[in-house]
Each structure stands twice: as C-alpha cells, then as structure tokens.
Amino acid sequence: QVQLVESGGGLVQAGGSLRLSCAASGRTFSTYAIGWFRQAPEKEREFLARISWNGGSTTYADSVKGRFTISRDNAKKTVYLQMNSLKPEDTAVYYCAARYDGADWPYWGQGTQVTVSS
C-alpha cells in the first residue's frame, strides 16, 4: 500500500508556473505508476498525466500537453508535475494517484488547490 501527499499548489497569475509534488510513503513506491488529475468546481475529475514505475513512459492529456511535465524521483519517493504557461481554466484541485497494475487508481492523495488569476 502507498500513501500520497500533494503540495506546491497556490495562487499564480496567468502565464506563470508552479511545480506540484506528490510525496509517497511505503517501501514499494517505486513499483507504482503515478497519475495526476484535477477537478474544478462543478466539473468531473480530469486525467492530466501519468508516469510509469521507472519513469520510462509518460502520457499526457491533450489539454496539458506541451505545458505540463510529469517526472519522478524514486529515491525521494516523489513525483512532480511542472506546470508552465498556466491559464485561468487550469484552476482546480490537483490530485495524485497511484496504481500497481490495471486501469483503476486505488490510492489517492488529499489534493492541493491551484488558482490561476487572469
């Protein structure tokens, strides 16, 4: 099992950048794929990016491709989401999630708020 804690959210102006962190506990962190998601008020949760257990494979949603970069440091048990060229529509609560295999994401953090002002 793995526990996840997000940090790095905040208020930023449009065009700015933030780096979110997803810190994990648990000895088997390096065996989990990690994904980033977000949920804006009155909207469904949206997949943003995922990274494989060793960082060798990444996938991005079209909405963030070219602006967001996911990376991981297994020695630090942390996954990052570098967000550049932020837009007001990126305002949401951002979550990281972990999965060992399969399509579901059984482990979730508590989320961190990102607010982008125009």
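Residues are numbered from 1 along each chain as its sequence is written, and side-chain values use heavy atoms, with hydrogens and water left out. In this predicted model, local features need pLDDT of at least 70, side-chain atom pairs count only at pLDDT 80 or more, and totals for chains, interfaces and linings use all residues.

**Exercise 1. Is arginine 38 buried or exposed, and in which strand is it found?**

Step 1: Arginine 38 is found in strand E4, residues 33-39. Strands (E, at least two residues) and helices (H or I, at least four) are DSSP runs, numbered from the N terminus.

Step 2: apply the cut-offs. Buried means under 20% relative accessible area, exposed over 50%, and partly exposed in between (1.4 Å probe, protein chains only).

Step 3: decide. Arginine 38 counts as buried because its relative accessibility is 7%.

**Exercise 2. With which side chains does the side chain of arginine 38 make a polar contact?**

Step 1: recall the rule. A polar contact is a pair of N or O atoms within 3.5 Å; within protein, one must be able to donate a hydrogen and the other to accept it, and residues adjacent in sequence count only if both atoms are side-chain atoms.

Step 2: list the partners. One is the side chain of aspartate 90, at 2.8 Å. Another is the side chain of tyrosine 94, at 2.9 Å.

**Exercise 3. Which residues are linked with Arg38 in a network of salt bridges?**

Step 1: A salt bridge puts a side-chain nitrogen of Lys or Arg within 4 Å of a carboxyl oxygen of Asp or Glu. The structure holds four salt bridges.

Step 2: start at arginine 38. Its side chain meets that of glutamate 46 in a salt bridge (2.8 Å, N to O). Glutamate 46 is partly exposed, because its relative accessible area is 27%.

Step 3: go to aspartate 90. The side chains of arginine 38 and aspartate 90 also meet in a salt bridge (2.8 Å, N to O). Arginine 38 lies in strand E4 and aspartate 90 in the loop between E8 and E9, so this pair ties together parts that are 52 residues apart in sequence.

Step 4: go on to arginine 67. Aspartate 90 and arginine 67 form a salt bridge through their side chains (2.8 Å, N to O). Arginine 67 sits in the loop between strand E6 (58-60) and E7, 23 residues from aspartate 90. Both aspartate 90 and arginine 67 are buried.

Step 5: Glu46, Arg67 and Asp90 are linked with Arg38 in the network.

**Exercise 4. Which cysteines does a disulfide join?**

Step 1: know the bond. A disulfide is a covalent bond between the sulfur atoms of two cysteines. The cut-off here is a sulfur pair within 2.5 Å.

Step 2: find the pair. Cysteine 22 is joined to cysteine 96, with S to S at 2.1 Å. Cysteine 22 is in strand E3 (residues 18-25) and cysteine 96 in strand E9 (residues 92-99), 74 residues apart.

Step 3: describe the link. The angle about the S-S bond is 75°, and the link is right-handed. Cysteine 22 and cysteine 96 are both buried.

**Exercise 5. In which order do four strands form an open sheet?**

Step 1: read the order. The strands run E1-E3-E8-E7, with antiparallel pairing. Two strands pair if DSSP finds at least two bridges between them.

Step 2: name the edges. Strand E1 (3-7) and strand E7 (68-73) are the edge strands, each pairing on one side only.

Step 3: look at one pair. E7 and strand E8 (residues 78-83) pair over six bridges. Isoleucine 70 has leucine 81 in E8 as its bridge partner.
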